[in-house]
Amino acid sequence: MAERIEFDKVAPEPLRAFLAVERYLAGCGLDPKLLDLIKLRASQINGCAYCIDMHSKDLRVAGESEQRLYELSVWRETEFYSEREQAALAWTEAVTEVGTSRVPDDVFERARGSFSEKELVDLTFAVTMINSWNRLAISFRQEPGTYQPRQAVRSRRAQPEAGGGITSTTEDQEIMH
């Protein structure tokens with residue numbers, strides 16, 4: 001198998017833009033556990049092993065139950081998720097599968113009933129970002145299992161490397177994906 005490209009080293013400028021959006025999302029007011037839940041669900045749909053590993057670890061550290069993690073892919077069949085979470089998950093699935101779903105009106109109305117306009121726009125940015133991260137992680141074969149949960153590790157700030165690249169620190173990982 002051919003060695004894949006380290007996208008963060010080759011093109012740090014768009015990575016910085018992605019991280020700026022993630023910083024915004026981290027402070028936008030949506031529950032961080034909800035954000036990780038929708039990121040995990042989108043990553044399941046997209047088959048992104050790296051991001052599934054990341055967000056399941058983050059959710060465990062945040063106190064999420066194993067039962068809810070195991071049942072996420074079949075959330076409609078359970079009673080483990082609040083109405084707001086269900087609306088977010090339905091929205092996440094529709095936006096992730098936009099090519100086939102076209103984001104149906106009933107899914108929009110359900111989400112609109114559970115989120116303010118700003119929250120729904122922020123939620124959509126979060127879904128858009130995780131779909132982008134998934135595509136990068138899958139395309140360049142980021143190795144699952146290497147991510148350390150955000151509360152488990154403290155890190156230094158990203159330092160510019162020779163040649164203009166940036167190093168990926170745990171701090172960056174905290175806001176990535």
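A salt bridge is counted here when a side-chain nitrogen of Lys or Arg lies within 4 Å of a carboxyl oxygen of Asp or Glu. Glu119 and Arg84 form one, with 3.2 Å between the closest N and O atoms. The pair links distant parts of the chain, 35 residues apart: Glu119 sits in helix α9 (residues 117–139) and Arg84 in helix α6 (residues 83–96). The model is predicted, so local features need pLDDT of at least 70 and side-chain atom pairs count only at pLDDT 80 or more, while totals for chains, interfaces and linings use all residues. Residues are numbered from 1 along each chain as its sequence is written, and side-chain values use heavy atoms, with hydrogens and water left out.

**Fold and confidence**

- The chain has 10 helices and zero strands, where helices (H or I, at least four residues) and strands (E, at least two) are DSSP runs numbered from the N terminus.
- The mean pLDDT (the predictor's confidence in each residue, from 0 to 100) of the chain is 88, and 84% of its residues reach 70 or more.
- Over residues 153–168 pLDDT stays under 50, and the model has 36 contacts beyond four places in sequence for this stretch; a contact means heavy atoms within 4.5 Å.
- Where pLDDT is low, the predicted coordinates should not be read in detail.
- Among contacts in the chain with a separation of 6 or more, 68% come from residues 24 or more positions apart.

**Surface and burial**

- Of the 177 residues of the chain, 43% count as buried; buried means under 20% relative accessible area, exposed over 50%, and partly exposed in between (1.4 Å probe, protein chains only).
- The chain exposes about 9300 Å², of which carbon and sulfur atoms supply 53%; the areas come from the Shrake-Rupley method with a 1.4 Å probe, and for residues only the protein chains shown count as cover.

**Salt bridges**

- The count comes to 14 salt bridges.
- Salt bridges that share partners join Lys33, Glu64, Arg68 and Glu85 into one network.
- Asp53 pairs with Lys57, the closest N and O atoms being 3.1 Å apart.
- Asp53 and Lys57 are separated by about one helical turn because they are four residues apart in helix α4 (residues 49–61).
- Asp53 counts as buried, at 16% relative accessibility.
- Lys9 and Glu6 meet in a salt bridge at 3.8 Å, N to O; Lys9 is partly exposed at 34% relative accessibility, as is Glu6 at 47%.

**Nonpolar core**

- A nonpolar core is a set of buried Ala, Val, Leu, Ile, Met, Phe, Trp, Tyr and Cys residues joined through side-chain atoms within 4.5 Å.
- The largest one has 41 residues, of which Ile38, Tyr50, Leu89, Trp91, Phe115, Leu123 and Trp133 touch the most other members.
- Helices α2 (12–26), α3 (32–46), α4, α6, α8 (105–114) and α9 each supply at least two residues of this core, and α9 gives the most, with eight.
- Leu89 touches Leu37, Ile38, Arg41, Leu72, Trp75 and Tyr81, leaving aside residues up to four places away in sequence.

**Surroundings of Arg60**

- Arg60 is found in helix α4 and counts as partly exposed, at 37% relative accessibility.
- Not counting residues up to four places away in sequence, Arg60 touches Glu66, Leu69 and Tyr70.
- The C-alpha atoms of Arg60 and Pro149 are separated by 8.8 Å, although the two residues are 89 residues apart along the chain.
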